[in-house]
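Reader: I would like to learn how to read a model like this one, feature by feature. Where shall we begin?

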Amino acid sequence: MYPFCILQLAFLLYNDQPPKFSSSQDSSSRGHTKGVLLLDKSGGFWLIHSVPRFPPPASSGAYSWPPNAHTYGQTLLCVSFPFTQFLKIGRQLTYTYPLVYGHKLEGIFAQELPDLQEVIKGRHVLHEPWNNSVILTSQAGATFQSFAKFGKFGDDLYSGWLAEALNTNLQVQFWQNSPGCLPSNCSGTHQILDVTQTGFPGPSAPTFKATEDHSKWCVAPQGPWACVGDMNRNAGEMHRGGGTLCTQLPSLWKAFQSLVKAWEPCKEDS
């Protein structure tokens, strides 16, 4: 007889538009945030993405890509972290206030990750400050900075916090088919420029309008910051939870900065 062990896993699936979601449902009180946590006792990964109705619940027993995500561009950023970093990630989720539609958090995971327990119960931060940033270190030793805000923060993630925190101008790609989109903003120290067109490198590569792209990311025009997250730039999401994960990895910055082909200039009075 050969020895064996049962791998203990914990997971959390969250999406403001979960797989079984109808247009009559209202998730506007929850964060505009989508993601997956999967971990064992040594560590796991955090998947931050922009795909509605994804992934399917664990009870389905199978992976599938939702038909609604076939048309528009999306982003998915997956980073592996040691177990201890999920303490910080859990804290961040108490700010973003995600709509959890699938989870497993038992035994040692429930004991050592109390903030994730709170998130599963639908709880969130109850007092100021309404935003929080933490440094996260990946399994490979790369440094990331997570920015998370609760709805009571009451401001645009990018112009109200991120540009100043990173001390840089930002070019922001987001879903521009939603109502109340915020224009490019140059009223502060740093410029927040709405990307209007993206495209892959090469003279014959296709380009895409921002209205054809559901992804949410930003990049410093001159480097070295690149961020992937949850938030659009619109009036409604000033009052919803969400966030972004930023890094100064040169390869990631180069990949995103090269996609930017055009952006909306600031108006003279902004």
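Predicted model: local features only at pLDDT ≥ 70, side-chain atom pairs only at ≥ 80, totals over all residues.

Reader: Which strand does S4 pair with, and over how many bridges?

Author: First the general idea. Strands of a sheet pair through backbone hydrogen bonds, either parallel or antiparallel. Here S3 and S4 run antiparallel, joined by seven bridges. Proline 82 in S4 is the bridge partner of glycine 43.

Reader: What is the strand order of the open sheet?

Author: The order is S4-S3-S2-S1-S5, five strands with antiparallel pairing. Strand S4 (76-82) and strand S5 (100-104) are the edges, each pairing on one side only. On average, neighbouring strands of this sheet are turned by 10° against each other, direction ignored.

Reader: Now further inside the order. How many bridges join S1 to S2?

Author: Six bridges join S1 to S2, and the two strands run antiparallel. Leucine 12 has leucine 37 in S2 as its bridge partner.

Reader: Move to S8. How are the faces of strand S8 placed, buried or exposed?

Author: Both faces of strand S8 (residues 170-173) are covered. Leu170 and Val172 lie on one side, Gln171 and Gln173 on the other, and all are buried.

Reader: Which strands pair with S8, and in what sense?

Author: S8 pairs with strand S9 (residues 192-199) in the parallel sense, over three bridges. There, leucine 170 has isoleucine 192 in S9 as its bridge partner. S8 also runs antiparallel to strand S11 (residues 217-219), joined by three bridges. In that pairing, glutamine 173 stands opposite tryptophan 217 in S11.

Reader: Helices next. How do I read burial along one?

Author: An α-helix has 3.6 residues a turn, so residues three or four places apart point the same way. Now the case. The buried residues of helix H4 (residues 157-166) are Leu157, Tyr158, Trp161, Leu162, Ala163 and Leu166. Just after H4, asparagine 167 takes a positive phi of about 55°.

Reader: Let us turn to voids. How many cavities of 30 Å³ or more does the structure hold?

Author: There are three. The largest cavity has a volume of about 90 Å³. It is lined by 14 residues, with Trp46, Thr96, Asp230, Gly243 and Thr244 closest to its centre. S3, helix H1 (85-96), strand S7 (143-149) and S13 each give two or more residues to that lining. By class, the lining of the largest cavity has six nonpolar, six polar and two charged residues.

Reader: And the pockets? What lines the largest pocket?

Author: The largest pocket holds about 280 Å³ of space. Its lining has 16 residues, and Leu13, Val36, Leu38, Pro55 and Pro56 lie nearest the centre. Strand S1 (10-15), strand S2 (34-39) and strand S3 (43-49) each supply at least two lining residues. The lining of the largest pocket divides into 14 nonpolar, two polar and no charged residues.

Reader: What is the make-up of the second largest pocket's lining, by class?

Author: The second largest pocket has about 200 Å³ of space. Of its 15 lining residues, Gly73, Thr198, Phe200, Phe208 and Asp213 are closest to the centre. The lining of the second largest pocket has six nonpolar, seven polar and two charged residues.

Terms used: Residues numbered from 1 in each chain as written. Heavy atoms only, no water. 1 Å grid on protein atoms, 1.4 Å probe; cavity = no way out; pocket = protein on both sides within 12 Å on 5 of 7 lines; lining within 4 Å. Points joined across faces, edges and corners; volume = space filled by probe spheres on them. Helix = DSSP H or I, 4+ residues; strand = E, 2+ residues; numbered from the N terminus. Nonpolar A, V, L, I, M, F, W, Y, C, P; charged D, E, K, R; others polar. Pairing = 2+ DSSP bridges. Axes fitted to C-alpha atoms, helices over the stretch in contact; angles between N-to-C directions. Buried < 20%, exposed > 50% of the residue type's maximum accessible area, 1.4 Å probe, protein only.
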